[in-house]
Amino acid sequence: MCGVVCAPVDPTKSLQFGKVPVNATSPSVSARPPIASWYRWLALAALIVTVLLVVLGGIVRVSGSGLGCGPAGSGVHGWPLCEGGVIPGADAEEMTEYSHRALASSLGVLLLLLAGFAIKLYRSDRRVLTLSVGAAALVIFEGLLGALVVEHDLHPVLVAVHPGIAMLV
């Protein structure tokens with residue numbers, strides 16, 4: 001006996017959650033708020049920026065611009081600053097190295113946003129959560145490793161590990 005009004009459910013109709021339709025016959029489909037589409041766009045943007053960053057990193061390597069923003073041992077004068085300034089000079093090596101850093105920073109912001117969205121929206125999806133948070137952590141580690149590469153005069157081991165970690169991202 002039903003204590004509330006009982007009515008048969010028509011499985012051919014879909015329920016509405018905000019503006020996102022949810023098929024009543026498929027309980028595995030969960031309603032995601034519209035912000036979930038932002039996650040997809042951010043993920044695509046992060047993918048594109050990652051590819052561009054790897055290409056630009058290769059340009060930094062072959063052009064010899066790795067120390068374009070300051071010599072080894074220059075501390076914050078050479079990293080994160082560029083020759084002691086926030087904006088690089090007109091030198092091609094400075095601009096190449098600084099472009100790599102700026103693009104890496106933008107990727108860091110994108111991946112931190114993705115990690116935040118994953119924590120908020122996809123907490124139950126361990127794969128999405130792990131990959132998002134892991135990618136953000138790797139990019140932060142990669143930035144610090146880049147600082148070590150510069151500070152230690154492009155030490156060959158650090159130079160080899162730096163793009164290796166980038167491939168994990």
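Modeller: Buried means under 20% relative accessible area, exposed over 50%, and partly exposed in between, with a 1.4 Å probe and protein chains only. This is a predicted model, where local features need pLDDT of at least 70, side-chain atom pairs count only at pLDDT 80 or more, and totals for chains, interfaces and linings use all residues. Residues are numbered from 1 along each chain as its sequence is written, and side-chain values use heavy atoms, leaving out hydrogens and water.

Biologist: Are Cys69 and Cys82 buried or exposed?

Modeller: Both Cys69 and Cys82 are buried. A disulfide (cysteine sulfur atoms within 2.5 Å) joins them, with S to S 2.1 Å.

Biologist: How many disulfides does a search of the whole structure find?

Modeller: One.

Biologist: Which hand does the disulfide of Cys69 and Cys82 have, and why?

Modeller: The torsion about the S-S bond is about -80°, so the disulfide is left-handed. Cys69 and Cys82 both lie in the loop between α1 (35-63) and α2 (92-121), so the pair ties together parts that are 13 residues apart in sequence. Helices here are DSSP runs of H or I, at least four residues, numbered from the N terminus.

Biologist: Change of topic. At what angle do α3 and α4 cross?

Modeller: Helix α3 (residues 126-151) and helix α4 (residues 156-168) have axes that come within 10 Å and cross at roughly 165°. They are therefore roughly antiparallel to each other (angles over 145 degrees count as such).

Biologist: Which residues of α4 does α3 meet?

Modeller: Phe141 and Leu145 are among the α3 residues in the contact (heavy atoms within 4.5 Å), and the α4 side includes Val161 and Ile165.

Conventions:
Axes are lines fitted to C-alpha atoms, for helices over the stretch in contact, and angles run from 0 to 180 degrees between N-to-C directions. Helices (H or I, at least four residues) and strands (E, at least two) are DSSP runs, numbered from the N terminus. Angles under 35 degrees count as roughly parallel, over 145 as roughly antiparallel, 65 to 115 as roughly perpendicular and the rest as oblique.
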